[in-house]
Amino acid sequence: MPISVAVGMQWGDEGKGRAVDLLSENVEIVARFNGGDNAGHTVTVGDKIFKLHVIPSGIIHAHTIGVLGNGLVLYPGTLLQEIKTLQEAGIEISPKRLWISDAAHLITPAHRLLDQAQEAALGKSSIGTTGRGIGPAYMDKSSRRGLRTGELLQSEEFKKKVRQHFIDANEMLTVYYHQPAIDIQTMTEEFTALASQLAAYIKPVGTLVRAALKSGKNILAEAAQGTLLDLDQGTYPFVTSSCTTSAGIFSGLGIGIQPVERVIGITKAFQTRVGSGPFPTELFDATATFLRGSGSNPWDEFGTTTGRPRRVGWIDLVLLKYAIEVNGVTELFLTKMDILSGLETIKYCSAYQKDGKTICELDFSGSATEMERCLPVYQSTPGWKDDLRLIRKWSDLPNVVLDYIKIIEDFCGVPVTQVSVGSERNAVIKR
Ligand code: GDP
Ligand code: IMO
Ligand code: MG
């Protein structure tokens, strides 16, 4: 079957945007199925840098259709701005090329305020969310009082629902979180006017994607976030509120369970995390500064969405293997190998010490409290001084680099099929 899925193996920011851009070369449809504008995907093509939060990264290729499935939560302001920015950069964005599911949910400014109030109330125990209203929007969806994009096509009914949403949210904000009241009338007017600008893009995406599959079209599903941020499989409660794994494509796009040709796990050559939560291999020394970069390069480890410095550490093979199994990964796309150049020695975590025992795989389902008890057991391999950025052929990779790749493959049991050595579209080595 012509379905492939690209999914993050870590805590997000693995380079999914750059990988999906490449993987979209030969597909007709590129579809996001989860999350919202908490995601930040950077795609570099020549001297152009695209920072996408919602629209699938594959949209930059002129032949693709970008799909936003029912599994998403959408903030109209971000989406409209993204459409405009892409159009100004010469990318055609029209209802022909961008389909938004009529069953996706809307994020409102009140969801954002609630997200921020909830985080403030948690104080030191906060999750470190992006503040984009993701959790509260999914909460309304689960409580069956969410606002679906399809409803905005019935403008009078929609306005009533939006008004009721702001009344309810206002109650929560003022009574529960002791925050200032919102202006219900103004917010209702502004939000409905903004959201209605999306009307032309709204379609029965499930029906269209199923028809595309029947006619043999190739679909690449693009996950946002990473496996370790998955609501069920991630380091709960320090996770996002959606299904970030390959399993999410069926419910998040409205297609039946069917064979997936390729599940491409995108992983960085080291580990990063933004926000709170356990991170067994986290570093705080000079190597951390080296891996993070100073912020002077666009690819340095500072969040695309919030600008926060990312936490960094050595690659965690125990978690990588877990992510591979959870997603049914068939191959790995390894990014940021160029960043490791210059390190004397590279460490990798191949086991944990937990409660006095050595474990090589998780004996729990991702829980943060359990993971806090895991101490990394490291092995090391020689680093390299070579600059990898201009290498384009597998056979030109230095042996020490191939050794590091082999360690990952042997531990995880899946092949590395592509190695990225720069942020630019062409800076990749296919096996
Ligand atoms: P995503 O959320 O998974 O799409 O990842 P982000 O775009 O948030 O973060 C990855 C960053 O690394 C972006 O700035 C990419 O341009 C950059 N990047 C991706 N692959 C490579 C690589 O192989 N080398 C370098 N130097 N940068 C890369
Ligand atoms: P991409 O797609 C990295 C993290 C937040 C926080 C947690 C919950 O660019 O990889 P949320 O706002 O979703 O309620 O925050 O999830 N987070 C991400 N971290 N990359 C992302 O997306 C993320 N999206 C959410 O930092 O820890
Ligand atoms: Mg990102």
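**Figure 1. Ligand 1 in its pocket.** In this predicted model, ligand 1 takes up the second largest pocket. Two elements, α1 (16-23) and β3 (41-45), each give two or more residues to the shell around ligand 1. Of these, α1 provides the largest share of the shell, with three residues. Which residues come nearest to ligand 1? Among the 21 residues around ligand 1, these are K16, G17, G40, D338 and S420.

Figure 2. By residue class, the shell of ligand 1 holds four nonpolar, ten polar and seven charged residues.

Figure 3. A backbone N or O atom of G15 is 2.8 Å from an oxygen atom of ligand 1. For T42, a backbone N or O atom likewise lies 2.8 Å from an oxygen atom of ligand 1. On the side-chain part, an N or O atom of D338 is 2.8 Å from a nitrogen atom of ligand 1. On its own, ligand 1 has 580 Å² of accessible area, and the protein covers 98% of it.

**Figure 4. Ligand 2 in its pocket.** The largest pocket holds ligand 2. There are 20 residues around ligand 2, and D13, K16, H41, T130 and T240 come nearest. K16 also belongs to the residues that come nearest to ligand 1. How many residues of the shell around ligand 2 are nonpolar, polar and charged? The shell consists of seven nonpolar, ten polar and three charged residues.

**Figure 5. Polar contacts of ligand 2.** A polar side-chain atom of N38 is 2.9 Å from an oxygen atom of ligand 2. In the side chain of T240, an N or O atom lies 2.6 Å from an oxygen atom of ligand 2. T240 is also one of the residues that come nearest to ligand 2. For R308, the distance from a side-chain N or O atom to an oxygen atom of ligand 2 is 3.0 Å. Ligand 2 taken alone exposes 550 Å², of which the protein buries 98%.

**Figure 6. Backbone geometry in the loop between β10 and α8.** Most residues other than glycine have a negative phi, and most peptide bonds are trans. Where is Q225 found? Q225 is in the loop between β10 and α8. Its phi is near 60°, a positive value in a residue that is not glycine. P237 is placed in the loop between β10 (219-222) and α8 (248-253). Y236 and P237 are joined by a cis peptide bond, with omega about 10°.

Key
Residues are numbered from 1 along each chain as its sequence is written. Chains are lettered from A and ligands numbered from 1 in the order in which they are written. This is a predicted model: local features need pLDDT of at least 70, side-chain atom pairs count only at pLDDT 80 or more; totals for chains, interfaces and linings use all residues. Side-chain values use heavy atoms; hydrogens and water are left out. A residue is near a molecule or strand if one of its heavy atoms lies within 4 Å of it. A polar contact is a pair of N or O atoms within 3.5 Å; within protein, one must be able to donate a hydrogen and the other to accept it, and residues adjacent in sequence count only if both atoms are side-chain atoms. Accessible areas come from the Shrake-Rupley method with a 1.4 Å probe; for residues, only the protein chains shown count as cover. On a 1 Å grid over the protein atoms alone, a cavity is a set of points where a 1.4 Å probe fits but cannot get out, and a pocket is an open set with protein on both sides within 12 Å along at least five of seven lines; lining residues have an atom within 4 Å of a point. A molecule sits in a cavity or pocket if more than half of its atoms lie within 2 Å of its grid points. Ala, Val, Leu, Ile, Met, Phe, Trp, Tyr, Cys and Pro count as nonpolar, Asp, Glu, Lys and Arg as charged, and the others, Gly among them, as polar. Helices (H or I, at least four residues) and strands (E, at least two) are DSSP runs, numbered from the N terminus.
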